[in-house]
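Please open the model in your viewer and keep the selection panel at hand.

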Amino acid sequence: MSDTELRERLAARFREVNGDHPMSAADDAYVSAQFAGLDAVCAGRGGGAAARRLMLEGRLPLPGYLRSDGTEMVPRDLFSLADAAGGVDGLEAWFTGHWADPAEGRAEWAAYLSGRYVCLRSVSPATIRRKEHLTAAITAAADGPGAGPGPWAERLHALIDELDRLEPAFCAYDRLRFGGPTSRDLFVDAMRARFPRP
C-alpha cells in the first residue's frame with residue numbers, strides 16, 4: 001500500500017472515531033503549538049508510513065488531530081510508551097498490565113488507541129489513572145458536606161490545581177468532537193468559578 005493510500009485510510013479512520021468537524025485557524029494554531037506532525041516525530045523510526053501502518057493495525061494510537069491541511073498531529077512523545085514497553089510488540093500487554101481489572105485495562109487500551117487522550121499533556125497509564133482519580137475526588141468534594149473556607153477549600157483547590165497541571169487548554173474543535181464541554185471546562189474552569197479561592 002502506498003503512503004498516499006495509508007494517509008487516506010488513516011484520515012478516514014480518524015473521522016470514524018472523531019466525526020467530520022472543521023478545524024479553524026485558531027484550532028490549527030493550538031494544535032501546532034501542542035503537537036507535532038507525524039512525519040517529524042517518526043524521523044529515525046522507520047518513517048511516517050511505518051507508523052501509519054501500526055496505527056491502522058491498532059498497535060499505536062491514532063493521531064490526536066488532523067490539521068485543516070490534513071497533517072496528522074501526534075504527541076511529541078508518541079513512542080515513549082512503546083519504548084518503555086520494550087517495543088511496539090509488547091506495548092499492549094505492558095499498557096493493560098497497569099490495571100488490576102483486565103476488562104478495565106482493555107477498555108483503557110481501546111481509549112488510548114483512539115488517539116482521544118488529548119486531555120493529558122503526557123499520556124501514560126499513570127496520568128490516565130491520576131486524571132480519573134482527580135475528577136472523581138473533585139466531584140466528591142464539590143458535592144459533599146463541609147463546603148466552605150478553610151481546609152475543605154484548600155483541599156478542593158489543590159485537586160483542581162493538580163488536574164490543571166495535567167491537562168492542556170483544549171481547543172474549540174475538541175468540544176465539537178467530544179459533543180460538549182471538555183474535562184477542563186467541567187473540573188477546572190467551572191469548579192474555580194463555582195468555588196472561588198477565598
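A cavity, as the word is used here, is a set of points on a 1 Å grid over the protein atoms alone where a 1.4 Å probe fits but cannot get out. The model is predicted, and a search of the whole structure finds one cavity of 30 Å³ or more. The space inside the largest cavity amounts to about 170 Å³.

To find this cavity, select P61, P75, L78, Y112 and V123, which lie nearest its centre among the 15 residues of the lining. By class, that lining holds eleven nonpolar residues, three polar ones and one charged one.

Next, turn to the largest pocket, where about 160 Å³ of space lies. Select Q34 and F35, then P75, R76 and D77, then Y117, V118, L120, R121, S122 and V123, and finally P168, and the lining of the largest pocket is on display. Seven of these lining residues are nonpolar, two are polar and three are charged.

For the last stop, select D185, which is found in helix 11, a helix that covers residues 183-194. Is D185 buried or exposed? With a relative accessible area of 17%, D185 is buried, because the cut-off for that class is under 20%.

Terms used
Residues numbered from 1 in each chain as written. Predicted model: local features only at pLDDT ≥ 70, side-chain atom pairs only at ≥ 80, totals over all residues. Heavy atoms only, no water. 1 Å grid on protein atoms, 1.4 Å probe; cavity = no way out; pocket = protein on both sides within 12 Å on 5 of 7 lines; lining within 4 Å. Points joined across faces, edges and corners; volume = space filled by probe spheres on them. Nonpolar A, V, L, I, M, F, W, Y, C, P; charged D, E, K, R; others polar. Helix = DSSP H or I, 4+ residues; strand = E, 2+ residues; numbered from the N terminus. Buried < 20%, exposed > 50% of the residue type's maximum accessible area, 1.4 Å probe, protein only.
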